[in-house]
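I opened this entry to keep track of what I looked up, beginning with the domains and then turning to the charged pairs.

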Amino acid sequence: MRLDKFVAHTSAHSRSDVRRLLRDKRVCVNGQPVRDAGLALTAADLVTLDGNALTLTGPRYFMLHKPAGVVSATEDSEHRTVLDLLQTEGREGLHVAGRLDIDTTGLVLITDDGQWSHRIKAPGRHEKRYRVQTARPIEADAVTRFAAGLSLRGEEDTPTRPARLEITGACEALVWLQEGRYHQVKRMFAAIGNHVDALHREAVAGIELDPALAPGAWRALTAEEIASGQLTDLPQ
Ligand code: URA
């Protein structure tokens, strides 16, 4: 594999970033800085970035700030997908750990670690925090109704798990969900006679959307963020 492709694949940098890393002599092959992006690597070569060995093995984890109008899918014939925004090498095998609606903005986690995303999505294991803007003022009793569990249209037999609601303005609130049903936040507000005008996901499983990421931007997760996603079960 070419050196620039290998570094991009293993370090979650774009190819243009990698060219800069090579120019800055931050990439070494077998201990020597290399500037030739097209150098053909063999299996025996040891590649380092800032002294840290890069290897092809190991799962990858990213956060992305999803803009409105982009779908949380790996492929779509009509719309841009979050994977189209993730300008990294080797996107095959990556999937979205918890989708957002096309008009919802905010934190999307992307990984090729199926067990990790399974834990992230499993009901009752993690909370997701959303910021909501509604069409009409939110009644104070919505807090207890969300906490008690709501009966959603079409799923009357299985009320929602207790959800925390904090009213932060007449038509604005924060919601913490322990599960991820189809259009859940919108359907919960519909169940109390309101309507969601705008929805933004701020955090999942203790992983906060990085405020430095503009809509459409992404970065690799830190080791702490990956570990936060691995913790299981919410305190009861
Ligand atoms: N709930 C919704 O209604 N939509 C989302 O995108 C996420 C949660």
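**Domains and their contact**

I took the division of the protein from an automatic or database domain assignment, which gives domain 1 (3–53), domain 2 (61–122 + 206–228) and domain 3 (128–204). I note that this is a predicted model, in which local features need pLDDT of at least 70 and side-chain atom pairs count only at pLDDT 80 or more, while totals for chains, interfaces and linings use all residues. Residues are numbered from 1 along each chain as its sequence is written, and side-chain values use heavy atoms, with hydrogens and water left out.

I looked up the pair formed by domain 2 and domain 3, whose centres, taken over C-alpha atoms, are separated by 22 Å. Their contact (heavy atoms within 4.5 Å) takes 18 residues from domain 2 and twelve residues from domain 3. The area buried between them is about 1100 Å², with 38% given by carbon and sulfur atoms; buried area here is the accessible area (1.4 Å probe) that two parts lose on being put together, summed over both. In domain 2, Asp101, Leu107 and Glu208 lose the most area to domain 3, together 33% of what that side buries.

**Salt bridges**

I counted a salt bridge wherever a side-chain nitrogen of Lys or Arg lies within 4 Å of a carboxyl oxygen of Asp or Glu. The search finds 17 in the whole structure, and the count between domain 2 and domain 3 is three. I looked up the bridge of aspartate 101 with lysine 186, where the closest N and O atoms are 2.7 Å apart. I also found Arg129, Arg131, Glu172, Glu202 and Glu208 linked in a network of salt bridges.

Aspartate 4 meets arginine 2 in a salt bridge of 2.9 Å, N to O, and arginine 15 also bridges to aspartate 4, at 3.5 Å between the closest N and O atoms. Because arginine 15 lies in helix H2 (residues 15–23) and aspartate 4 in helix H1 (residues 3–11), this pair ties together parts that are eleven residues apart in sequence; helices are DSSP runs (H or I, at least four residues), strands likewise (E, at least two), numbered from the N terminus. Aspartate 4 is buried at 2% relative accessibility, whereas arginine 2 is partly exposed at 41%; buried means under 20% relative accessible area, exposed over 50%, and partly exposed in between (1.4 Å probe, protein chains only).
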